[in-house]
Amino acid sequence: MIYVSGKGIVLQEPSVVAIDRLEKVPLAVGEEAKKMLGRTPENVVVLRPLRDGVIADFDAAEQMLKHFIRRVNQGKTLIAPRIVIGIPSGVTGVERRAVIEAASQAGARDVRLIDEPVAAAIGAGLPVSEATGNMIVDIGGGTTEVAVLSLQGTVLSESVRVAGDELNDAIILYMKKVHNLVIGEQTAEDIKIKMGSAYPNPAADEEMIMEVRGIHLLSGLPRTVTIKSTEVRESMVEPLSVIIDSVKRTLERTPPELAADIIDRGIMLAGGGALLKGIDALISHETGIITHIAADPLCCVVLGTGRVLENFKQLERVFTGGSRNL
């Protein structure tokens, strides 16, 4: 997601790149490349340059950044822009440097890094500049960030590399073990969006069913099976319990005054994972603290990053180590 100062969110695409193996050039980037996942000939490879919130393939990440920066600038190369990038709070110094390097190679003059939970809290409208405790749980694609914030800073944070992608993997594994059906990432994502839920809701939880197509393990032939919504919830129990445990661990370490603020204000959920039905009810049930979902959970991090970019001087304290002026 890219936010341009004064314009708002100008790009929202999956971080996927399709590359020609022989020519080593990108054939498609973003949504167009995502449609090719699992459907490419031998000479084309589809990559996710970011895995678990960090750069897994440096060259592909650089190509992707260059492509997106050019696209938001109507094909022209930006004249040495200032770029603020949201990163998981638990990344290492080496991973931080890789992000700065990739952005610099893509044409940035000044690269600043901001921890995703801080950006998400700003984007969700939490009063991070005040001396009150705010708790944010940002469930993204590769990582879940849990943080307690106060006075523009992070008091406590925990980053676990279990989030939306792992929920998809759990559905793939369940389908293989229980139904002997091999399905792709895209199918698992569709199942999660249409049928996934984290907590039973007897009032609204009608038993939903869905036909799923894949390859049957025993016969090796295409097969269609019917699954129920309760099965999907059951398949995601393990990764969801990892997320709940990280929230509990953070609450246990929170200073008493800030814990009192969190009880009053509640926990704020952001990120694409906040859209999973019943995730707020599950966290409330497990912690005993009311849990809210941000108004636009998917865009919280990029909106917060944009707000920092537009109020650079007032919010300069939120940046983490890692700025590079070229």
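Is Lys192 counted as buried or exposed, and at what relative accessibility? Lys192 counts as buried because its relative accessibility is 14%, where buried means under 20% relative accessible area, exposed over 50% and partly exposed in between, with a 1.4 Å probe and protein chains only. The model is predicted, so local features need pLDDT of at least 70 and side-chain atom pairs count only at pLDDT 80 or more, while totals for chains, interfaces and linings use all residues. Residues are numbered from 1 along each chain as its sequence is written, and side-chain values use heavy atoms, without hydrogens and water.

Lys192 belongs to helix 6 (residues 185-195); helices (H or I, at least four residues) and strands (E, at least two) are DSSP runs numbered from the N terminus. Contact means heavy atoms within 4.5 Å. Leaving out residues up to four places away in sequence, Lys192 touches Gly164, Leu167, Asn168, Ile171, Met236 and Leu276. A polar atom of the Lys192 side chain lies 3.2 Å from the backbone oxygen of Gly164.

The UniProt record (unreviewed entry) lists a "binding site" at positions including Lys192 and Ala274; such annotations may be inferred rather than shown by experiment. Ala274 lies in the loop between strand 16 (267-270) and helix 10 (279-287). At 3% relative accessibility, Ala274 also counts as buried. With residues up to four places away in sequence excluded, Ala274 touches Ile139, Leu269, Ile279, Ile293 and Pro297.

Elsewhere, an open sheet of three strands has the order 4-3-5 with antiparallel pairing; two strands pair if DSSP finds at least two bridges between them. Strand 4 (26-29) and strand 5 (44-47) are at the edges, each with a single partner strand, so one side of each has no neighbour in the sheet.

Terms used: A polar contact is a pair of N or O atoms within 3.5 Å; within protein, one must be able to donate a hydrogen and the other to accept it, and residues adjacent in sequence count only if both atoms are side-chain atoms.
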